[in-house]
Amino acid sequence: ITRLVIHGYPAGSGIAIGRAHLIRRNTSEVPQISLAEGDIPAEATRFETAVKTTRKQLEHIRSNIPENAPTELGAFISLHLMLLTDATLSREPIDIIEQQQINAEWALKIQSERLAQQFDEIDDEYLRQRKQDMLQVVERIQKNLIGQSTELNLDGTLLDDIILIAHDLSAADTIHFKDQRIEGFATDMGGPTSHTAILGRSLNIPSVIGLGAARRLIREHEWVIVDGISGTLVIAPDELILAQYRQQQARYRSQQRALNKLKKTAAQTQDNEEIELLANIESSEDIKAVHQLGADGVGLLRSEFLFLNRDTPPSEDEQYQFYTDIIKKLKGKSLTIRTIDLGVDKNPRWFGSNSTPNAALNPALGLTGIRLSHAEPILFRTQLRAILRAAVHGKTKIMFPMIASLSELKQSLIHLDTAKKQLTERNEAYGSPDIGCMIEIPSAALTVSSLLKHADFISIGSNDLIQYTLSVDRNDDSVSYLYQPAHPAVLKLLAHIIRTANRLGKPVSLCGEMAGDPHFTRLLLGLGLRTFSMNTVNLLAIKDIILRSHSEQLENDIQRLMRNEDPDKSEALLKKLNAIAYSE
Ligand code: PEP
Ligand code: MG
């Protein structure tokens with residue numbers, strides 16, 4: 001029978017079936033599994049084998065000590081061998097396995113904690129210090145038990161059908177992922193619109209995030225199913241479940257093939273409303289997908305990704321090259337560059353620890369987004385100059401993140417003017433990009449008409465708008481059940497923003513995860529949204545829904561949903577909306 005099913009959040013891209021590869025930061029994070037009676041002898045043998053392997057490794061090291069090594073080295077290795085063969089490490093963990101009916105790693109961990117305590121109580125300084133040696137021996141045995149390195153080391157040593165199970169997914173990890181053959185992944189951390197989820201989606205492999213303590217419950221190499229559609233992780237599936245998932249996987253793949261035929265089809269509703277479908281990207285590598293899927297342009301370049309994973313911020317010239325490269329690769333399609341949106345979960349290494357936004361009591365309400373850019377004017381204007389210079393190469397727009405009020409927009413425009421003047425003084429050519437702001441804070445949503453008088457366009461950041469409207473941290477999986485995009489309060493704000501922009505004749509797009517979620521396509525069309533900017537993964541699925549929708553009729557059909565003020569009813573009303581069969 002199937003061992004375990006855990007629920008998290010779907011990060012998309014279908015279903016993967018494969019073997020688990022656990023990414024651990026250190027061996028103190030061991031799996032903790034209760035065993036069936038019958039599995040205990042095998043587990044004891046597994047432990048004995050790991051001890052034997054450890055002994056061979058230590059003996060090998062001792063007989064290969066280099067000439068010039070310090071003389072104590074041999075003595076230390078001998079000490080380790082002695083500790084290893086002592087009953088406290090070679091026998092007592094087996095007793096724990098048998099008595100507590102648990103896996104070897106867990107038993108060894110319990111034993112090493114007991115021993116560590118005993119060492120701490122020893123009076124003799126020298127002997128007390130031997131605790132470190134004991135822990136090193138334990139570490140070796142754990143590594144042999146877990147059977148893998150403790151770091152993300154994927155250079156070609158993996159099997160084909162690998163599913164990564166990690167605590168979290170950082171931007172740095174995804175760079176490793178991009179050139180590996182990984183079937184799927186799952187993480188303990190992350191809410192539905194956390195950056196873990198956004199990065200996950202951009203990898204375009206089946207993924208589930210926010211699983212809580214999943215990693216502790218999975219063994220290296222165990223068969224797992226990642227269901228990125230429903231957000232489920234199945235551990236050690238039985239034959240029946242496996243067969244069902246294989247079927248579902250085949251269905252998903254054939255749906256994808258059908259969608260692929262829509263690449264060149266115009267995104268048009270049945271009453272001939274043209275819908276603009278844009279892509280969210282992080283780097284120039286993502287542009288391949290923009291062309292392949294026939295996106296109309298880029299509606300959100302999250303420029304802060306260029307600022308992460310490095311020791312110093314990029315110079316003006318480096319940024320200029322980066323933006324220019326993207327503009328050229330887009331071959332005439334437009335590019336909207338969002339100025340750096342750092343803070344909260346995106347903290348560059350090169351920030352001093354005092355200015356690190358996470359040092360704030362409440363980072364999401366602290367020095368983030370445009371506030372941080374205003375606090376670091378040199379950094380901000382360097383970026384603005386780089387974008388302005390790059391803008392001579394093609395259609396470019398600039399967008400400011402996390403604007404809360406008109407004064408912040410005005411202040412940003414002053415920085416932009418200064419940047420232009422600096423370029424003029426340097427005799428440097430620059431373009432004249434449209435200027436917009438993101439609407440992702442309720443105060444901006446409610447005062448959007450004044451913002452629109454000073455901006456050429458706006459883009460709704462629904463990820464943050466939902467977080468701030470509902471007071472639910474988008475990165476905290478303990479409250480993510482409260483993160484409801486279709487909450488009536490959110491819908492009222494969306495309706496107000498879109499209606500106001502349409503009335504004033506200014507372009508409005510939505511670039512949060514809602515834009516790429518097929519659940520919300522009809523709702524957004526009904527609200528009058530005509531530009532969607534999304535992760536390209538779902539672009540064709542969204543187009544498919546647009547083709548099957550009638551924008552004018554939708555304006556009426558969303559009315560019940562818009563009148564509803566009970567969040568518990570939203571889901572059912574949305575479902576009804578999505579089930580309507582429109583015809584020309
Ligand atoms: C948003 O908040 O919806 C958005 C698009 O920006 P980010 O997800 O990068 O905060
Ligand atoms: Mg945002």
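A residue counts as buried when its relative accessible area is under 20%, as exposed over 50%, and as partly exposed in between (1.4 Å probe, protein chains only). By this rule glutamate 440 and aspartate 464 are both buried.

This is a predicted model, in which local features need pLDDT of at least 70 and side-chain atom pairs count only at pLDDT 80 or more, while totals for chains, interfaces and linings use all residues. Residues are numbered from 1 along each chain as its sequence is written, chains are lettered from A and ligands numbered from 1 in the order in which they are written, and side-chain values use heavy atoms, with hydrogens and water left out.

Glu440 (OE) and Asp464 (OD) coordinate the magnesium ion (ligand 2) at 2.0 to 2.2 Å. The two residues are 24 apart and link distant parts of the chain. Donors are N, O and S atoms within 2.8 Å of the metal (3.2 Å for Na, K and Ca); water is not among the atoms, so sites may look incomplete.

| Residue | Location |
|---|---|
| Glutamate 440 | loop between strand 13 (434–439) and helix 17 (442–446) |
| Aspartate 464 | helix 19 (residues 462–470) |

Helices (H or I, at least four residues) and strands (E, at least two) are DSSP runs, numbered from the N terminus.

Elsewhere, isoleucine 218 lies in the loop between helix 10 (214–217) and strand 7. Isoleucine 218 counts as buried because its relative accessibility is 0%.

Strand 1 and strand 8 (residues 232–235) pair in the antiparallel sense over 4 bridges; pairing requires at least two bridges found by DSSP. In strand 8, isoleucine 235 stands opposite leucine 4.
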